[in-house]
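I opened the model to look up its strands, its loops and its backbone. My entries follow in the order in which I made them.

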Amino acid sequence: MRSQYCAVLFVFALGLLTSSGVMGETITTDQNTTGYTVASDDLLQTEYGSMSFSGNSLSRENCDGEPALRDGLFGALGGRSTNGGDTATAGSSEDPLDILIYTLDTSVNTLGYDLSGITTYAGWDGQRYGQKYDLYAHQVGDDASTFSLLKNISYRPTAIAGGINNTKVAIAFESTEATGVDQLKFVFHREPGYDWIGYREIDVMGVAIQTPEPSTLVMLSMGLISLIAYAWRKRK
Ligand SMILES: [Ca+2]
Ligand SMILES: [Ca+2]
């Protein structure tokens, strides 16, 4: 009896922790001078629908602009176009802010996607290697303007001397944090003294929410009806 009581208390405590957000997303950061291998099979590439951008520019210094963020390449070290970088510059100004919205394809996966994580990469031959943005998600069925804040990212370690600096920010979500998602919004910020940052890739990891097959639904309903009938007969 005592162990049952403890088990109930444990489950209750776990529920409280989860609902208060204590078990929220985890952030891992990394910095190097050698570059990163990025994903080419993430949702932003396999389930890309469309994108919209408002703000200043994602192609300062003749950089490649938005397509660089979902092409599966980190690109040559150095970032700016003259170095052969694969780069979108973002955070040009705070007025107006650079805002990028990605819409995932929900023509087949109508219930949206459960996200497990988002990883962003930056790199430059000077000081524009840090990352600073706010990440929001929109869920299937919500009003067009309803986005919920997932995370504020601000990561700019001291430069590794003598090297071309690159950074990686990996956000891992709990299973219920980013569910039924069909749009992601990135609001980019500048860093003091550096009006834009050289982003290289945005990898969005997750799975499509499966719509139950009609036959599965019928079988489930029949099973449920049988159970209710059995319970009812037993009571009598
Ligand atoms: Ca990718
Ligand atoms: Ca890229």
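**Strand β10 and its partners**

I looked up Ala88 and found that its bridge partner in β10 is Tyr199. Strands here are DSSP runs of E of at least two residues, helices are runs of H or I of at least four residues, and both are numbered from the N terminus. I counted two strands as paired if DSSP finds at least two bridges between them. β3 and β10 run antiparallel and are joined by three bridges. β5 (residues 113-124) is also antiparallel to β10, with nine bridges joining them. Within that pairing, Tyr121 has Glu201 of β10 as its bridge partner.

I then checked burial. A residue is buried if 20 or more other C-beta atoms lie within 10 Å of its own, exposed if 12 or fewer, and partly exposed in between, with C-beta atoms placed from the backbone. In β10 (residues 197-208), nine of the 12 residues are buried, so the strand is largely enclosed by the rest of the structure.

**Model and confidence**

I note that this is a predicted model, in which local features need pLDDT of at least 70 and side-chain atom pairs count only at pLDDT 80 or more, while totals for chains, interfaces and linings use all residues. Residues are numbered from 1 along each chain as its sequence is written, and chains are lettered from A and ligands numbered from 1 in the order in which they are written.

pLDDT is the predictor's confidence in each residue, from 0 to 100. The chain averages 87, and 89% of the residues score at least 70. Over residues 8-22 the pLDDT is below 50, and this stretch has three contacts in the model beyond near neighbours in sequence. I counted a contact where the C-beta atoms of two residues, placed from the backbone, lie within 7 Å. Where pLDDT is low, the predicted coordinates should not be read in detail.

**Whole chain**

I listed three helices and 10 strands. In sequence order the pattern reads α-β-α-β-β-β-β-β-β-β-β-β-α. The chain has 236 residues, of which 31% count as buried. Among contacts with a separation of 6 or more, 79% are between residues 24 or more positions apart.

**Strand β4**

**Loops**

I looked for a cis peptide bond and found one from Asp95 to Pro96, with omega near -5 degrees. Pro96 lies in the loop between β3 (88-90) and β4 (98-104).

In the loop between β2 (48-54) and β3 I looked up Glu61. Its phi is near 55 degrees, which is positive in a residue other than glycine. Glu61 is partly exposed, with 16 other C-beta atoms within 10 Å. Asn62 is also found in the loop between β2 and β3, and its phi is near 55 degrees, again positive. Asn62 is exposed, with 11 other C-beta atoms within 10 Å.

Beyond neighbours within four places in sequence, I found Phe173 in contact with Glu25, Leu115, Ser116, Gly117 and Ala178.
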